[in-house]
Amino acid sequence: MKFTSVVLIALFATAFPAQLPAAEETTPTIPAPSDAVPAGWGTDYAKARQTAKEKNLPILIFFTGSDWCPPCKMLDKNVVSKKEFTEYLAKNVIPLYADYPRQREQSDAQKRHNAMLASQFKIEAFPTMVLLNPPNFRPVRLNFNAGNATVKTMIKEIDAKKKTK
């Protein structure tokens, strides 16, 4: 686990040497999501935050390495891509997808945006899910084991964390 954290920190440090601003300080323009982003998930934190304020819903951020992280792939296959989970998300949260691919192309703007989010929310490992409850949007990490996660257990965890404001 520590080795993974060190590798991720080194990766971010070499890819993004400048100091990263807090997510609220900047609202970079992010290109429309590519086909690598699951249906129903957004990729722009500023838009997600605005929508969350308007609808009074929490934001669920999924930090993933979609094309290289085995636990991320497992979570995507068993939970994130399932219709029941997608339908739940559409009614209960504003889903935000922060991907850190190694093999798939990603725009520089999206890379900077995702690195900013990883820095702000102190992400050290993948997969990680963070819930931001309105009105203050204080981050609460979801507790799950990607290998054992099911749609039912993830919905139960999200519902429990939605009550943590």
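1. **What you are looking at.** This is a predicted model, where local features need pLDDT of at least 70, side-chain atom pairs count only at pLDDT 80 or more, and totals for chains, interfaces and linings use all residues. Residues are numbered from 1 along each chain as its sequence is written, and side-chain values use heavy atoms, with hydrogens and water left out.

2. **The chain overall.** Reading from the N terminus, the order is α-α-β-α-α-β-α-β-β-α. The chain has 165 residues, and 47% of them count as buried; buried is under 20% relative accessible area, exposed is over 50%, and partly exposed is in between (1.4 Å probe, protein chains only). Take the contacts with a separation of 6 or more: 74% of them involve residues 24 or more positions apart. A contact here means heavy atoms within 4.5 Å.

3. **H4 against H6.** Two packed helices are described by the angle between their axes and the distance between the axes. For helix H4 (residues 83–92) and helix H6 (residues 151–162), the axes come within 10 Å and cross at roughly 15°. Those axes are lines fitted to C-alpha atoms, for helices over the stretch in contact, with angles from 0 to 180 degrees between N-to-C directions. H4 and H6 are therefore roughly parallel to each other. The scale for that wording is under 35 degrees for roughly parallel, over 145 for roughly antiparallel, 65 to 115 for roughly perpendicular, and oblique for the rest.

4. On the H4 side you will find Glu84, Phe85, Tyr88, Leu89 and Asn92, and they meet Val151, Met154, Ile155, Ile158, Asp159 and Lys162 of H6. Sorted by class, this contact has seven nonpolar, one polar and three charged residues. In that sorting Ala, Val, Leu, Ile, Met, Phe, Trp, Tyr, Cys and Pro are nonpolar, Asp, Glu, Lys and Arg are charged, and the others, Gly among them, are polar.

5. **Tyr88 as a way in.** Tyr88 sits in helix H4 and is buried, with a relative accessible area of 10%. Setting aside neighbours within four places in sequence, Tyr88 is in contact with Ile155, Ile158, Asp159 and Lys162. Its C-alpha atom is 9.5 Å from that of Val151, a residue 63 positions away along the chain.

6. **Ile59 in S1.** Have a look at Ile59 in strand S1 (residues 59–64): at 0% relative accessibility, Ile59 counts as buried. Leaving out neighbours within four places in sequence, its contacts include Ala48, Arg49, Ile94, Leu96, Val130 and Phe137. Tyr45 is 14 residues away in sequence and 9.0 Å away in space, C-alpha to C-alpha.

7. Asn133 lies in strand S3 (residues 128–133) and counts as buried at 2% relative accessibility. Its side chain reaches the backbone oxygen of Lys161 at 2.9 Å. His113, in helix H5 (residues 108–120), is buried too, with a relative accessible area of 1%. The side chain of His113 makes a polar contact with the side chain of Asn114 (3.4 Å); such a contact is a pair of N or O atoms within 3.5 Å, and within protein one must be able to donate a hydrogen and the other to accept it, with residues adjacent in sequence counting only if both atoms are side-chain atoms.

8. **Backbone spots to check.** The loop between H5 and S3 holds Pro127, and the peptide bond from Phe126 to Pro127 is cis, with omega near -10°. Lys122 is in the loop between H5 and S3 as well; its phi is near 55°, a positive value in a residue other than glycine, and Lys122 is exposed at 59% relative accessible area. The loop between S3 and strand S4 (138–141) contains Pro135, with a cis peptide bond from Pro134 to Pro135 and omega near 5°. Phe137 lies in the loop between S3 and S4 and has a positive phi near 55°, but counts as buried at 6% relative accessibility.

Key:
Helices (H or I, at least four residues) and strands (E, at least two) are DSSP runs, numbered from the N terminus.
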